[in-house]
Amino acid sequence: MAEMGSKGVTAGKIASNVQKKLTRAQEKVLQKLGKADETKDEQFEQCVQNFNKQLTEGTRLQKDLRTYLASVKAMHEASKKLNECLQEVYEPDWPGRDEASKIAENNDLLWMDYHQKLVDQALLTMDTYLGQFPDIKSRIAKRGRKLVDYDSARHHYESLQTAKKKDEAKIAKAEEELIKAQKVFEEMNVDLQEELPSLWNSRVGFYVNTFQSIAGLEENFHKEMSKLNQNLNDVLVSLEKQHGSNTFTVKAQPSDSVPAKGNKSPSPPPDGSPAATPEIRVNHEPEPAGAATPGAALPKSPSQPTENPAGSLPSKEPSAAEGTFAVAWPSQTAEPGPAQPAEASEAAGAQEPGETTASEAASSSLPAVVVETFSATVNGTVESGSGAGRLDLPPGFMFKVQAQHDYTATDTDELQLKAGDVVLVIPFQNPEEQDEGWLMGVKESDWNQHKELEKYRGVFPENFTERVQ
């Protein structure tokens with residue numbers, strides 16, 4: 001007596017299972033052709049539609065929540081790097097260095113706490129909520145198969161009763177099979193008709209709790225972050241008061257871009273001589289009259305703007321007498337450097353020696369990420385193509401899946417799965433037999449050991465697995 005794995009399915013059961021599939025397929029064909037009536041339950045079908053809608057909405061919410069959490073984590077990293085930069089430029093002899101360092105630590109802890117609470121109070125709750133859908137979805141599919149069995153048994157019983165030559169023994173057996181099929185179907189049907197409306201109604205409370213948690217956590221986070229930002233501002237104001245006597249000027253660089261409104265570049269004079277370049281004077285206290293030297297400017301620095309785009313520096317209207325802008329820059333305390341000649345400033349837009357233009361850099365080589373991605377894609381294609389034709393795979397092999405959850409078989413034609421099992425997916429012998437959400441396959445361990453399909457293949461719910469190849 002042949003056995004299949006640990007299930008102990010005998011040859012007789014296999015034959016019975018095959019017959020059941022043939023009967024289902026035949027019944028579906030007759031129903032589609034209109035030669036056999038089909039049991040309908042409009043109320044249950046509406047429940048199934050609601051279930052599918054609820055699953056779609058929940059899956060989308062989970063995806064968007066994960067995206068939100070990824071953004072929070074990215075903002076945390078960006079904020080951390082910004083605070084590290086402040087610590088590096090904050091010189092040891094400046095007042096408030098320890099306070100600024102403590103504020104940076106608290107800022108980092110606040111981001112970490114916010115992210116962790118979002119995971120605990122929103123994401124884990126979301127995962128638990130969606131965790132109940134796969135089992136119910138598989139039961140809905142199984143109910144559909146049992147409904148076909150019930151209709152088939154009913155039609156067989158009716159045909160025997162209306163036959164001209166009645167065989168009482170066959171009629172009695174058919175009636176017994178009908179009662180059994182009806183009982184199995186109704187037990188599943190009753191359970192689902194109770195669970196589906198309850199699950200549908202639970203969505204309102206779940207959505208409310210989820211978004212209330214997110215809103216409350218975000219509100220508290222911003223309150224605490226506002227306090228830290230205010231403390232940091234106080235530290236910087238104190239620093240500005242003690243180091244606010246420095247005065248320096250920044251020579252404005254010529255720009256080919258469209259000038260900002262109210263800050264247009266002067267037109268060149270009719271004789272063709274260069275136009276006078278306005279200066280930007282950055283002061284922490286009022287500049288004594290005549291203190292600035294026309295044409296004097298700091299050396300070109302990467303940390304200072306080389307052009308004068310709109311909004312690059314806060315500015316007042318230019319003085320008619322001097323053509324300068326008085327700008328308050330509290331955080332800048334560097335001493336002014338030696339003045340540049342006017343001729344040097346006019347050539348500031350020229351390319352520095354050793355610099356490479358963006359077009360030259362782009363034409364010299366492709367980015368490493370592009371090369372690696374292209375290589376990985378090509379390798380993956382080659383490997384996939386070569387694996388598809390291997391002789392140690394079952395005939396018709398399509399792809400591999402791995403079980404993400406345990407699945408207990410409830411019928412002789414189903415596979416018993418444990419989380420981690422790898423299944424080789426193959427096509428149905430009769431495509432009409434395939435129900436939505438179900439796949440046909442053989443466990444890789446069974447195939448490697450026995451190299452036989454008839455005894456070891458079976459159906460399993462697709463949503464309990466994840467494709468791995």
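## A strand pair and its sheet

Strands β5 (residues 422–426) and β6 (residues 438–443) pair in the antiparallel sense over four bridges. Strands here are DSSP runs (E, at least two residues), numbered from the N terminus, and helices are DSSP runs of H or I with at least four residues. Two strands pair if DSSP finds at least two bridges between them. V425 has G441 of β6 as its bridge partner. The model is predicted: local features need pLDDT of at least 70, side-chain atom pairs count only at pLDDT 80 or more, and totals for chains, interfaces and linings use all residues. Residues are numbered from 1 along each chain as its sequence is written, and side-chain values use heavy atoms, with hydrogens and water left out.

The open sheet has five strands, in the order β7-β6-β5-β4-β8, with antiparallel pairing. β7 (457–461) and β8 (465–467) stand at the edges with a single partner strand each, so one side of each has no neighbour in the sheet. On average, neighbouring strands of this sheet are turned by 45 degrees against each other, direction ignored.

## Packed helices

Helix α2 (residues 42–89) packs with helix α3 (residues 97–130) at an angle of about 170 degrees, and their axes are 10 Å apart. That makes α2 roughly antiparallel to α3. Angles over 145 degrees count as roughly antiparallel, under 35 as roughly parallel, 65 to 115 as roughly perpendicular and the rest as oblique. Axes are lines fitted to C-alpha atoms, for helices over the stretch in contact, and angles run from 0 to 180 degrees between N-to-C directions. The contact of α2 with α3 has 19 nonpolar, eleven polar and six charged residues. Ala, Val, Leu, Ile, Met, Phe, Trp, Tyr, Cys and Pro count as nonpolar, Asp, Glu, Lys and Arg as charged, and the others, Gly among them, as polar.

The axes of α3 and helix α5 (residues 168–242) cross at roughly 175 degrees and come within 10 Å. α3 and α5 are therefore roughly antiparallel to each other. Their contact divides into 18 nonpolar, seven polar and five charged residues.

N189 lies in helix α5. N189 is buried, with a relative accessible area of 10%. Buried means under 20%, exposed over 50% and partly exposed in between (1.4 Å probe, protein chains only). Leaving aside neighbours within four places in sequence, N189 is in contact (heavy atoms within 4.5 Å) with D41, F44 and R143.

H243 is found in the loop between α5 and β1 (248–251). H243 is partly exposed, at 24% relative accessible area. H243 and P95 are 148 residues apart in sequence and 9.7 Å apart in space, C-alpha to C-alpha.
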